[in-house]
Amino acid sequence: MRYVRDMRGYGANPPHPQWPGNANVCVQFVVNYEEGGENNILHGDAASEAFLSEVVGAAQWPGKRHWNMESIYEYGARAGFWRLHRMFTEANVPVTVYGVATALARSPDHVAAMQDADWEIASHGLRWIDYRDHAEADERADLIKAVRLHTEVVGERPKGLYLGRTSVYSVRLAAEEGGFEWISDTYDDELPYWLDHDGHGNAIAPQLVIPYTLDANDMRFATAQGFNSGDQFYAYLKDSFDTLYREGAAGRPRMMSIGLHCRLVGRPGRAEALRRFVEYVQGHDKVWLARRQDIAQHWQQHHPYQPQALRPSRMARGEFVQHFGSIFEHSPWIAERAFEFELGPAHDSAGGVHNALCRAFRSASETERLGVLTAHPDLAGKLAQARRLTEESTKEQASAGLDALTDAERARFTEINATYVDKFGFPFIIAVRDNDKASILKAFETRIANNRDQEFATACKQVERIAWYRLHDLLPS
């Protein structure tokens with residue numbers, strides 16, 4: 001009953017990235033170099049390529065070469081690449097290349113030009129093919145071959161990886177390989193983050209992930225509901241940049257990735273839109289233009305991996321109950337039932353565990369919930385005087401000064417406690433950390449006028465509020 005997807009991420013308060021120069025946004029251009037690595041029977045594939053081209057509604061041709069498709073990919077290498085190369089080098093804009101290993105091997109002049117421009121050349125896999133139906137062992141073998149071929153062609157192993165057409169194994173296999181400083185086969189955030197084993201065991205070291213994008217991406221020139229003109233592409237990039245720049249100026253800087261393909265945006269009518277956007281970005285201060293390896297090095301320096309002490313979704317039953325069995329006063333059965341829920345990374349926080357425990361409490365019978373209420377001590381009552389409160393209750397009552405009452409105050413608490421219990425059958429419960437002595441007494445006097453159902457519901461909400469505070473003492477928000 002564990003959910004491996006992380007729907008929480010950084011939550012409502014992500015870290016400040018501290019980009020160089022106190023930049024409001026980090027902008028990162030990716031040039032995908034796939035030409036010569038696409039599906040082709042010449043490459044040993046079963047059919048021709050059908051993805052991301054000018055051929056509307058293209059389909060694979062089993063056992064046949066698709067001359068038009070091949071020619072379109074060749075345009076990307078013969079013309080589109082050089083147009084992008086001139087544009088970025090003349091503007092002094094750093095670039096990361098996602099290079100398919102077999103494509104790089106078939107384009108030595110292009111590799112030399114990338115290196116002369118100090119572009120980062122990351123791995124884009126062995127071939128530009130779809131891995132969704134590949135066996136795990138076959139995909140692992142291709143990854144090993146991709147690293148080896150990339151190293152031979154480029155002169156050094158790739159430090160980053162974006163496979164693109166992935167399987168469910170791809171990210172884990174990349175982390176297991178162990179040699180990548182960053183991977184980008186996710187689209188789930190606007191900041192880098194550390195992937196902490198992802199529930200696959202401690203054999204996999206924490207992996208830095210720099211998310212990529214499919215929206216600020218020229219691939220939409222070749223997909224349904226995509227860009228029909230350069231103006232649409234420019235407008236979308238500009239609006240994305242403006243939003244991120246404004247949010248960064250307000251104290252929440254992010255990263256903007258722009259995905260490019262030589263055979264798509266390398267066409268003249270689209271390249272002009274890209275040129276205008278580059279000029280627009282460079283017209284702003286507080287922008288960090290970076291390669292992905294620069295982002296990785298920055299994140300490693302300023303936001304190194306920090307293990308979380310408690311990971312509730314990865315605990316065994318005994319450990320879970322040990323840590324959270326006392327959150328609801330003397331009621332470990334709540335933690336036992338919560339453990340059976342579909343817990344995941346979103347529950348590895350105070351709010352996440354609180355939600356799970358409250359679900360168990362709310363779904364319990366009225367008799368069981370009454371037992372939780374009656375397990376709570378009177379405020380400033382006999383248990384407190386006898387120093388027999390739980391550690392949590394002792395701290396909570398002390399926080400409101402209930403451990404230092406005058407004789408008159410103690411007498412008043414004793415009197416109203418007795419009246420309340422006689423009426424409702426359970427002690428008065430309130431989250432004392434929201435209150436002081438005066439507000440507690442006022443709540444006492446107000447709530448004692450409730451009917452039993454009203455007060456039972458109110459007391460249950462206060463129990464949940466107390467649990468919320470206790471969990472925030474143990475776990476990150």
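**Exercise 1. Determine which strands pair with β1, and in what sense.**

Strand β9 (residues 287-289) pairs with β1 in the parallel sense over 3 bridges. Strands here are DSSP runs of E of at least two residues and helices are runs of H or I of at least four, numbered from the N terminus; two strands pair if DSSP finds at least two bridges between them. The model is predicted, so that local features need pLDDT of at least 70 and side-chain atom pairs count only at pLDDT 80 or more, while totals for chains, interfaces and linings use all residues. Residues are numbered from 1 along each chain as its sequence is written, and side-chain values use heavy atoms, with hydrogens and water left out.

Step 1. Arginine 254 of β8 is the bridge partner of valine 25, and isoleucine 258 of β8 is that of phenylalanine 29.

Step 2. Strand β2 (residues 95-99) is joined to β1 by 5 bridges, again in the parallel sense. Tyrosine 33 has glycine 99 of β2 as its bridge partner.

**Exercise 2. Decide how far β1 and β8 are covered, and on which faces.**

Step 1. Take buried as under 20% relative accessible area, exposed as over 50%, and partly exposed as in between (1.4 Å probe, protein chains only).

Step 2. Strand β1 (residues 25-33) has 9 of its 9 residues buried, so the rest of the structure largely encloses it. One side carries Val25, Val27, Phe29, Val31 and Tyr33, the other Cys26, Gln28, Val30 and Asn32, and all are buried.

Step 3. In β8, 8 of 8 residues are buried. Arg254, Met256, Ile258 and Leu260 point one way, and Met255, Ser257, Gly259 and His261 point the other way.

**Exercise 3. Characterise the protein as a whole.**

Step 1. The secondary structure consists of 17 helices and 9 strands.

Step 2. The radius of gyration, taken over C-alpha atoms, is compared with a globule rule of 2.2 Å times the number of residues to the power 0.38. The protein has 30 Å, whereas a compact globule of 477 residues would have a value near 23 Å. The C-alpha trace spans about 90 × 50 × 40 Å along its principal axes.

Step 3. Of the 477 residues, 49% count as buried. Among contacts with a separation of 6 or more, 73% come from residues 24 or more positions apart.

Key
Contact means heavy atoms within 4.5 Å.
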